[in-house]
Structure formats: C-alpha cells, structure tokens
Amino acid sequence: MPRAEQVTEVCTHHGEGPVWDTGAGLLRFVDLLRGDVLAHRPGGPVSRRAVSTVAAALRPRRGGGLVVAVERGFALVEPDTGAVTILPAVWDDPGVRMNDGGCDPQGRFYCGSMAYDAAPGRGALYRLDADGTVHTVLTGVTISNGIGWSADGATVYYVDSPTQRVAAYDFDGDSGRFSRPRTVVEIPPERGMPDGMTLDAEGGLWVALWGGGAVHRYTPDGRLDEVVEVAATRVSACAFGGDDLTELYVTTSRQGLSGTAEPAAGALFRCRPGVSGLPTTPFAG
C-alpha cells in the first residue's frame with residue numbers, strides 16, 4: 001500500500017482545491033476559510049495571496065490569471081496586476097458558502113455550495129460561463145464536492161459527500177447539462193467520506209476520503225484497486241501535477257482538530273502512483 005510523502009510544512013488550516021497550473025509550472029490550492037490562494041513550486045516554498053473571506057476552489061484562466069470561487073459566488077484575479085474582481089453574488093444567504101469545483105472540457109467553471117452547518121439539501125451546483133453568466137445545474141445537494149470529466153468529455157463524475165457515493169452523469173458539452181444519474185462508487189462510512197476527486201488518463205477515479213486518512217483509486221466500473229495512505233485523517237482533495245502529470249498531490253485539513261493532534265494535518269502531500277493525470281482545463285473567461 002503506497003504512502004504519500006509530506007512535501008510542505010503545515011501551511012493551511014483547511015487545505016482544499018489543488019490544481020496544477022501548467023503555464024506557471026506549479027500547484028495552486030486554497031486555505032479555504034482564510035480566503036487565501038496558495039502556490040507551491042516543486043522543491044520550493046509555499047506562497048500565499050489573500051483573495052476574499054473564502055477561497056473555495058480555483059482554476060487558471062485561458063488568458064492568464066485565475067478564477068476563484070469565493071463565499072457566495074466567483075472572483076477573477078488579473079494576470080498582470082493580481083487585482084481581484086468579485087463578481088455579483090449568486091445568492092444572499094450568509095449561512096451558505098462555495099465549496100469545490102472544476103472546469104468542463106469547454107472551459108466553463110462549475111462550483112458547488114454547502115451550508116456552513118452542513119444542513120441537508122441547502123447546497124447547489126453552479127456553472128460560470130465565459131461571458132460571466134451563472135447557471136444553476138443541480139439543487140438540493142448537501143456538501144457539493146469533487147467533480148471531474150472523462151477524457152472524452154461524455155461523462156461527468158460528481159460527489160455530494162454525505163451520500164457516500166460518486167455519481168456519474170451523461171454530459172452534454174453544448175448545453176452543459178447533466179442527465180441520466182447513476183451511482184459508480186459506494187464508499188462504506190467506516191472508510192471515510194468522499195471529498196475532492198480527480199481522474200487519471202486511464203479513466204481511474206481518485207477520491208480523497210475525509211476522515212479516512214487515504215486517497216482511493218476506483219476503476220471506471222467502481223472497483224477499488226489502489227489505496228494511498230496519508231498521515232492525516234482529514235484528506236480533502238487531490239490532483240495530478242508535475243511536468244508529466246505523474247505526481248498526485250493531496251491536500252489535508254486541521255479543521256476540527258486540537259492544537260497538538262495530527263501534527264502533519266494541514267500540510268501538502270505527494271505520491272507517484274504509476275499513472276498520469278489529465279491536463280488541467282483552464283477557465284475560458
């Protein structure tokens with residue numbers, strides 16, 4: 001059973017949302033409840049930029065800069081100045097915040113929400129188009145989490161964490177619509193709760209297990225065939241990176257832990273699982 005190595009000091013309270021920025025040659029991730037975007041170049045230190053009160057997920061933009069999911073919507077970070085433009089709020093409820101997200105093959109940015117108290121059914125999944133318009137894709141979710149597309153773009157995989165499942169939908173690239181939902185993976189609660197997710201070039205699903213201290217790889221038909229151990233129980237998300245996309249980066253969290261528990265929690269981890277990931281699709285806007 002492979003084990004991920006710790007590659008940074010503890011640098012987040014609630015690390016989330018890793019993504020490899022190909023153009024910059026570094027990994028970006030967030031310290032979610034502190035509103036910071038972090039960057040780590042292999043072998044180097046971690047840098048930090050404050051964006052808003054919450055920074056939940058991000059993607060590079062096609063023309064440079066970043067798109068970031070903030071507490072109640074989205075923000076754009078300009079490539080030259082680093083200036084942050086907060087787009088109009090998607091909702092008004094202060095008890096709900098953004099959580100995890102990613103871009104479809106067409107470059108539209110999807111991000112889902114959750115209640116701060118994780119109350120059932122108060123979350124939704126939203127889509128930010130290149131023209132700045134926002135569309136609601138799914139409603140009635142509880143903790144909207146990992147999302148990723150198959151290499152051919154025909155299937156989208158999605159996690160609403162308390163369901164203990166990874167769901168698959170047929171994906172219409174023209175409209176961005178999801179259809180024909182079905183369960184691909186079911187995770188026993190004693191193994192942890194599914195959180196962030198990424199896909200590899202062979203179609204494998206890599207799922208971070210909150211409370212499980214591991215990342216699991218599942219085949220496209222839902223069979224567990226790899227377990228990567230992590231020296232922190234609150235494993236939040238994972239993403240492939242490095243120049244050849246053969247390194248799996250894993251974020252962790254200290255949320256809910258006492259000051260001395262799990263000394264590595266909140267650090268960034270990495271392993272080389274023997275497969276490569278899919279290239280990051282940038283936001284088209």
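These legends describe close-up views of a predicted model.

**View 1. The largest pocket and its lining.** The largest pocket has a volume of about 520 Å³. Its lining comprises 31 residues. R59, I147, G148, T198 and P279 lie nearest the centre of the pocket. Several strands give two or more residues to this lining: β2 (15-21), β6 (57-60), β10 (96-103), β14 (144-149), β18 (193-199) and β22 (235-241). By residue class, the lining divides into 18 nonpolar, 10 polar and 3 charged.

**View 2. Strand β14 and its pairing with β15.** Strand β14 (144-149) is among the elements that give two or more residues to the lining of the largest pocket. In β14, 6 of the 6 residues are buried, so the strand is largely enclosed by the rest of the structure. β14 pairs with β15 (residues 155-160) in the antiparallel sense, over 4 bridges. The hairpin of β14 and β15 has 5 residues between the strands. There, G153 takes a positive phi near 75°.

View 3. A disulfide would require two cysteine sulfur atoms within 2.5 Å. For C103, the closest cysteine sulfur is in C111, at 10 Å, so the pair is too far apart for a bond. C103 is buried, with a relative accessible area of 8%. For C238, the closest cysteine sulfur belongs to C271, at 9.0 Å, and this too is too far for a bond. C238 is buried, with a relative accessible area of 3%.

Conventions
Residues numbered from 1 in each chain as written. Predicted model: local features only at pLDDT ≥ 70, side-chain atom pairs only at ≥ 80, totals over all residues. Heavy atoms only, no water. Buried < 20%, exposed > 50% of the residue type's maximum accessible area, 1.4 Å probe, protein only. 1 Å grid on protein atoms, 1.4 Å probe; cavity = no way out; pocket = protein on both sides within 12 Å on 5 of 7 lines; lining within 4 Å. Points joined across faces, edges and corners; volume = space filled by probe spheres on them. Nonpolar A, V, L, I, M, F, W, Y, C, P; charged D, E, K, R; others polar. Pairing = 2+ DSSP bridges.
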